Amino acid sequence: MTNTHVDYQLSQLDQLEAESIHIFREVAAEFEKPVLMFSGGKDSIVMLRLAEKAFFPAKLPFPLLQVDTGLDFDEVLSTRDSWVERLGARIIVATIDEAIAAGHVVDDGKTSRNRMQIGTLLGAIEENGFTAAFGGGRRDEEKARAKERVYSHRDDFGQWDPKMQRPELWSLYNGRIHAGEHMRIFPLSNWTELDIWHYIHREQIEIPSIYFAHERDVIERDGMLLSLGPEIQPKGNEQVEKKMVRFRTVGDRTQTGCVESVATDTAAIIDEIAIARVTERGATRGDDRFSEAAMEDRKKEGYF
Amino acid sequence: MASTPQTSDSHTMAQGEMDLLRFATAGSVDDGKSTLIGRLLLDSKSIFEDQLEAVESTSQSKGYDYTDLALLTDGLRSEREQGITIDVAYRYFATPTRKFIIADTPGHIQYTRNMVTGASTADLGLVLVDARQGLTEQSRRHAVLLSLLRVPHLVLAINKMDLVDWSQEVYEKIHKEFTQFATKLNIPDLEVIPISALQGDNVVNRSENTPWYSGPTLMHHLEHVHVASDRDLVDTRFPVQYVIRPKSDAYHDFRGYAGQVAGGVLKKGDDIVVLPSGMPSKIAKVELFDQEVAEAFPPMSVTVHLEDDVDVSRGDMIARPKNAPKPSQDIDAMICWMTNEPLKPRQKLAIKHTTRTGRAMVKDIQYRLDVNTLHRDQDTKELGLNEIGRVQLRTTVPLLCDPYSKNRTTGSFILIDEVTGVTVGAGMING
């Protein structure tokens, strides 16, 4: 049996955990067909851990949905498989290539895979008739996200209208939707990047190995370090260098940069992040850098 | 449950164990609220380089000769274009002792609903006034709303003190005026702090310009205000949210009632009663994930097992036999109305209270409260957008409720339009 809390105080991490578990249970109780959008990144793994806690010892009362960009890191896919097997969860993988073949998405050669995830995701939600989709978004990530509700209503087209958001009071969530609409649910809304890492550390949560410092051939491009691979080859004067790096986010490998690091365990990562002076998206996500309003635009279209 | 850190050579490891303060800010653009939040984020080193660079370049392109910290928090493009804040935004920062969640709400009259939303989860309310203006109708209204929402701690920050030559007289005058006004409200704890958000005086660092002020800086107060005792640890309230029945071979007979503790303490051996049925039982054990816990208290999310095989489902509540809310279908509440179409007698709505959902009909609108004067307008026939009034409801299902003044979770509800599905009202139960 765990300790008695003599002072009846919950640490902020325990409060966040309790709030997230409450959200998972509320959605499972009120929605007909929820799904958890699983990217394989640390935030979606933390969601999985919280969902595991919310329904233990029962299995998750909803499947996972992953959008496969075809450009995922192998390490991310193998961690995903390990989680799915341990939880006995059901996973639906929607691929961008299939979405292109089905005409949901057009590959014009200029659009990033990240952007093409939108059509793929919306196609999969509609095809399966999901009424609620858990996402790992956090309000601390970006200015537009700061105004997102925990329950974020999406219309028939899967779009977010920031001016039509429902007021969200106390912990009373309103899950009413019409046929064809769905709700995005963000159980990690109040977590910060540092909270996520503390939780991974405390709970000893399995995450993809590329989050930890390792040696890798990289190219510096537009101020980002990109991993050498079939899609990333040196251009012009670019040099291939061997560096100790880690990834702070694990999206599409052609868009996701890494940072120099010596942090090989979670404690060391927490130390590095605590002194980091650049937000995780700004540093390593090429697709967020186009404009200050980049995220707002993608969210309106139905991005995670 | 908690694993031992692999290495703990850094003070940053303590962050996971620190506590949490949720506070709501109120004030208009002119009061310098966004600047103050920008200042808190900047001085607590919660702003990152790229965020600051973006704001600096925007400030430059707008032709400002200073970095406009307000740009850090004005999130949506439509707001940036209009230069106003239109919705509740949540911000996060941490100091070595506390993590803070700010519900940043706009101050304009038409956005009362946002203020009520932001205050609903706040432990503390921060009201900003411009030292040159003194108390305005708007700052009074903010205080009324924070009081109505039973936010237990209030800070009145008198901003732009630099523009009144750091006058103690100005500070004392506003302080006195506010204290007099506050006697009509329910504000258990008040702190009045003279600041300059633009220059940072008394925000994080103590100002040399206010030698006559001996109180805390804003940040010091936020870090040290005691919020743990604001929770009700006496009256046990456990709304059942979800019934966990694995139906697997390993857990064949497992039947756990999952939920978040809304009040009191639950432990093994406690005599309980299940509402509304009134069936008695005892707590067999309380679990958090795969661990049994000795006690559960607010706001823990746990799973409760009972000794008897009684019928319990979502929407029921576990309480103590001699301390249980009385199920009631007649609800007397203060309602904040949040949509254009006014609330009228005989109107039917969906109601959500704890984990219970039903329908409600408006029996009577007793009065409309003028949040500026506290005058009760008894002649009113309806409640318009952003109006607050005392309303009698009749519900289809009995609610297991407490007065809002006793418990902010079991005393609150939302009203939902059955056609549009939109949240149109927020209710606080009287009693």
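Is A:Cys258 buried or exposed, and what is its relative accessible area?

Reply: Happy to! A:Cys258 has a relative accessible area of 4%, so this cysteine counts as buried (under 20%; exposed is over 50% and partly exposed in between, with a 1.4 Å probe and protein chains only). Bear in mind that this is a predicted model, where local features need pLDDT of at least 70, side-chain atom pairs count only at pLDDT 80 or more, and totals for chains, interfaces and linings use all residues. Residues are numbered from 1 along each chain as its sequence is written, chains are lettered from A and ligands numbered from 1 in the order in which they are written, and side-chain values use heavy atoms without hydrogens or water.

Over in chain B, B:Cys336 is buried too, at 1%.

Helices (H or I, at least four residues) and strands (E, at least two) are DSSP runs numbered from the N terminus. Among the buried residues of H6(A) are A:Trp197, A:His198 and A:Arg202. Just after H6(A), A:Gln204 takes a positive phi of about 50°. In helix H4 (residues 112-120) of chain B, nine of nine residues are buried, including B:Arg113 and B:Met115.

A:Ile45, in helix H2 (residues 42-55) of chain A, is buried at 0%. A:Ile45 sits 7.1 Å from A:Ile207, C-alpha to C-alpha, although 162 residues separate the two in sequence.

As for charges, the structure holds 45 salt bridges over all chains (a side-chain nitrogen of Lys or Arg within 4 Å of a carboxyl oxygen of Asp or Glu). One of them pairs A:Glu30 with B:Arg314, with 3.2 Å between the closest N and O atoms. A:Glu30 lies in helix H1 (residues 12-30) of chain A and B:Arg314 in the loop between strands S15 (301-306) and S16 (317-319) of chain B, so the pair joins two chains. A:Glu30 is partly exposed at 29%, and B:Arg314 is partly exposed at 23%.

Arg202 of chain A comes up again here: A:Arg202 and A:Glu203 belong to a salt-bridge network that includes A:Asp14 and A:Arg49.
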